[in-house]
Amino acid sequence: MVDGHGGTLLPGLIDSHTHLTGAEDLESAVHWGVTTMLDMASRVPELVDSLRNRPGLPDILSCYYPASAPGSTQARMGFPASSIVNGPQDAERFVAQQLGFGADYIKLIIEDPAVRGSAALSSETVAALVEAAHRYNKKVFAHVTTPDAFSIGIDAGIDVLTHAPLGKPLPQDLVTTMVNKGVISVPTMVMMKQIAKKFGKINPVLLSLVMSKGIFRKLINMFKSESLNYHNVEETVRAFIQSGIPVIAGTDANTDPKSPLMLNQGESLHEELELMVKAGMSPVQALQSATSLPAKLFGLQDRGSIQTGTRADLILVDGNPTIDISATRAIKRVWAGGVQVRG
C-alpha cells in the first residue's frame with residue numbers, strides 16, 4: 001500500500017529528444033521520472049541495443065544514425081561515413097540501413113543552404129529521404145534551426161521539426177503552413193536557452209578562427225545582423241501554441257563530450273515543462289506534452305496515461321502540477337515498467 005495523500009499520480013514522462021551515451025543516462029532520467037526516451041542520434045548502434053529493455057530503466061526508441069550531407073557538422077562529430085547521404089539517389093540506401101538496425105523513426109539534419117552551401121542536404125535529397133521513410137510508414141524527424149531550414153523541412157513533408165530559431169521568430173506564414181500540414185514541433189526550449197546564453201555573443205578569438213574558414217563567412221554575416229536571442233524561441237513557441245500546432249516536450253539532453261553543450265538527463269525535462277508554461281501553455285497542456293500527446297502522435301499506445309492495460313510507468317509527486325508545474329520536481333516515488341526505482 002502506497003500513501004499518496006497530498007500528492008498527484010502522473011504517467012511516466014516522455015522525453016522526445018535525447019542523446020544517449022551510456023546506462024548512466026537512463027539512470028539519471030528515470031530518477032527524475034522519465035520512463036521513455038527518444039534517442040535522436042547515436043554513433044554506435046550496438047550501444048543503443050544494449051540499453052533497450054532494461055528492467056527498471058526507461059524504454060528506448062532511436063533513429064540510430066541521422067542523415068546529413070558531406071562536410072556537415074555531424075560528419076565532423078564522429079558519425080560514420082554511411083550516415084552521409086550523397087544526393088537523392090542515396091536516400092533509399094540510408095533509410096534501409098537505419099531500418100536494418102531497428103530504427104523506430106528516421107532523423108535528418110537540415111542545415112541552411114544559404115549558410116552551409118554543399119555541406120547542407122539539398123531540398124531534393126530531403127524530399128527523397130522523407131519519401132523513402134514514409135514508404136516504410138516511419139515518421140521523419142528533422143533538426144532545423146533557421147527559417148530557411150524550417151521551410152525546406154515543411155515543403156518536404158517532415159513529420160516532426162525539432163528546435164526553434166534563435167536568430168529571429170519563425171515567420172507567421174511558415175507557422176500557418178505547419179498547421180495546414182499537421183507538422184509537430186519539439187522545440188527543445190531548454191537547450192535553445194542554454195545555447196543563447198553561451199553563444200549569444202561572439203567571442204573575438206572565435207570570430208577570428210571562424211573567419212579563417214571561408215565556408216563560414218556567410219554565417220558571420222548572418223550573426224552581424226541577428227543575435228542568438230532566446231526571446232525568439234519563446235515567441236515562436238507561443239505562436240505554435242496559439243495556432244494549435246502540437247508542441248511536444250524534448251530537451252536535447254546529452255552527456256557527450258563532443259557536444260558543444262551538455263544537459264542533465266531527466267532533470268532538464270522539468271525545466272522544459274516550466275519554459276513551456278512561460279511560453280503560454282497551461283500546466284495541464286505542458287504535462288500532456290510529455291505524456292499523452294507524444295504517446296498519441298508517435299503511436300505509443302501502451303503509455304502516456306494511467307489506465308488498465310498500459311505500462312506501469314508512474315510518478316508520484318508532492319503537490320498538484322496541474323496548478324503549479326514546478327511540482328513535477330517534488331518526486332516522491334517512480335515506477336518504470338512496474339519496478340519501483342525511487343522512493
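**Exercise 1.** Which residue in E10 is the bridge partner of leucine 316?

*Solution.* Before starting, note that this is a predicted model, in which local features need pLDDT of at least 70 and side-chain atom pairs count only at pLDDT 80 or more, while totals for chains, interfaces and linings use all residues. Residues are numbered from 1 along each chain as its sequence is written, and side-chain values use heavy atoms, with hydrogens and water left out.

Step 1: begin with the elements, where strands (E, at least two residues) and helices (H or I, at least four) are DSSP runs numbered from the N terminus. Strand E9 covers residues 314-318, and E9 pairs with strand E10 (residues 331-336) in the antiparallel sense over 4 bridges; two strands count as paired if DSSP finds at least two bridges between them. Step 2: within this pairing, the partner of leucine 316 is arginine 333.

Step 2: E9 also pairs with strand E1 (residues 7-11), again in the antiparallel sense, over 5 bridges, and here threonine 8 has valine 317 of E9 as its bridge partner. Step 4: 4 of the 5 residues of E9 are buried, so the strand is largely enclosed by the rest of the structure; buried means under 20% relative accessible area, exposed over 50%, and partly exposed in between (1.4 Å probe, protein chains only).

**Exercise 2.** In what order do the strands of the open sheet of 3 strands stand?

*Solution.* Step 1: the order is E2-E3-E4, with parallel pairing. Step 2: strand E2 (13-18) and strand E4 (59-62) stand at the edges with a single partner strand each, so one side of each is left without a neighbour in the sheet. Step 3: neighbouring strands of this sheet are turned by 20° against each other on average, direction ignored; axes are lines fitted to C-alpha atoms, for helices over the stretch in contact, and angles run from 0 to 180 degrees between N-to-C directions. Step 4: E2 and strand E3 (residues 34-39) pair over 4 bridges in the parallel sense, with aspartate 39 in E3 as the bridge partner of threonine 18. Step 5: helix H1 (residues 23-31) packs on the sheet, where H1 touches E3 and E4, and the direction of H1 makes about 135° with that of E3.

**Exercise 3.** Is histidine 19 buried or exposed?

*Solution.* Step 1: histidine 19 is found in the loop between E2 and H1. Step 2: its relative accessible area is 17%, and histidine 19 is therefore buried. Step 3: the side chains of histidine 19 and aspartate 252 are joined by a polar contact of 2.9 Å, a term for a pair of N or O atoms within 3.5 Å, of which, within protein, one must be able to donate a hydrogen and the other to accept it, while residues adjacent in sequence count only if both atoms are side-chain atoms. Step 4: leaving aside neighbours within four places in sequence, the contacts of histidine 19 include Asp25, Asp39, Lys107, Asn254 and Gln265.

Notes
Contact means heavy atoms within 4.5 Å.
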